[in-house]
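Subject: Structure for you to look at

Hello,

Here is the structure I promised to pass on.

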Amino acid sequence: MHQVNQPQDPFHLHRLALHPLIEDKDGIITNELLQQIELSGTERFLSFLRWHGLAPLWHEALAGSPDLAATGVYMMQELHRDKLNAMGTYMLQKHTLEHLHHLFTGAEIPYAVFKGTQVREMVYPLPALRPACDIDVLVSNSRHDEAIKV
């Protein structure tokens with residue numbers, strides 16, 4: 001079995017995974033970075049990205065990086081399905097939010113969308129790259145039952 005280097009830094013994978021978000025790096029994935037990922041274990045890194053919802057973002061970053069080594073090409077292939085799934089979920093959630101808006105405004109129920117589904121619209125240039133597993137909606141306690149009925 002292939003032995004993977006385990007760096008002493010407990011946040012090594014975190015730092016690698018956040019690389020596309022670091023402004024001074026322009027989101028470019030270099031072959032040097034891919035070598036670090038390979039030394040840490042490519043499958044382990046892919047699992048880490050998926051667990052933290054960063055797989056679609058990494059697919060996008062890899063697509064914008066020129067001359068990828070074999071590890072980068074492999075990762076792109078692996079992460080492609082994750083990006084498609086995130087985009088599909090985004091489209092469903094966006095449709096649901098539009099429907100919810102129509103229902104709540106029609107019933108004159110004030111509400112606020114918050115957390116993941118709202119943050120991605122405000123922070124990410126491509127909101128579909130930020131997966132969210134649910135839609136968080138805040139409604140006044142006094143209108144709670146009515147909101148549920150609507």
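How many helices and strands does the secondary structure of the protein chain come to? The count is seven helices and two strands. Along the sequence they follow the pattern α-α-α-α-α-β-α-β-α. Please keep in mind that this is a predicted model.

Overall shape

The radius of gyration is 19 Å, whereas a compact globule of 150 residues would come out near 15 Å. Along the principal axes, the C-alpha atoms fill a box of roughly 60 × 30 × 30 Å. Buried residues make up 34% of the 150. Take the contacts between residues at least 6 apart in sequence: 70% of them join residues at least 24 apart.

Surface and charge

The protein chain exposes about 9,800 Å². Carbon and sulfur atoms supply 58% of that area. There are 12 positive and 18 negative charges, and their mean positions lie 5 Å apart.

The cores

The largest nonpolar core holds 20 residues. Ile 37, Phe 45, Leu 49, Trp 58, Met 75 and Leu 79 have the most contacts inside it. Five helices each supply at least two residues of this core: H1 (12-17), H2 (31-40), H3 (42-51), H4 (55-63) and H5 (70-106). H4 gives the most, with five residues.

Leaving out residues up to four places away in sequence, Phe 45 touches Leu 13, Leu 16, Ala 17, Ile 37, Trp 58 and Met 75.

Helix H4

H4 is mostly covered, with seven of its nine residues buried. Those buried are Ala 55, Pro 56, Leu 57, Trp 58, His 59, Ala 61 and Leu 62. H1, H2, H3 and H5 are among the elements that cover them.

Thr 42

Is Thr 42 buried or exposed? Thr 42 sits in helix H3. Its relative accessible area is 13%, which is under the 20% cut-off, so Thr 42 counts as buried. Its contacts, again without residues up to four places away in sequence, are Ile 37, Thr 71, Tyr 74 and Met 75.

Over to you.

Best wishes

Key. Residues are numbered from 1 along each chain as its sequence is written. This is a predicted model: local features need pLDDT of at least 70, side-chain atom pairs count only at pLDDT 80 or more; totals for chains, interfaces and linings use all residues. Side-chain values use heavy atoms; hydrogens and water are left out. A nonpolar core is a set of buried Ala, Val, Leu, Ile, Met, Phe, Trp, Tyr and Cys residues joined through side-chain atoms within 4.5 Å. Buried means under 20% relative accessible area, exposed over 50%, partly exposed in between (1.4 Å probe, protein chains only). Helices (H or I, at least four residues) and strands (E, at least two) are DSSP runs, numbered from the N terminus. Contact means heavy atoms within 4.5 Å. The radius of gyration is taken over C-alpha atoms; the globule rule is 2.2 Å times the number of residues to the power 0.38. Accessible areas come from the Shrake-Rupley method with a 1.4 Å probe; for residues, only the protein chains shown count as cover. Lys and Arg count as positive and Asp and Glu as negative; His and the chain ends are not counted. The place of a charge is taken as NZ of Lys, CZ of Arg, CG of Asp or CD of Glu.
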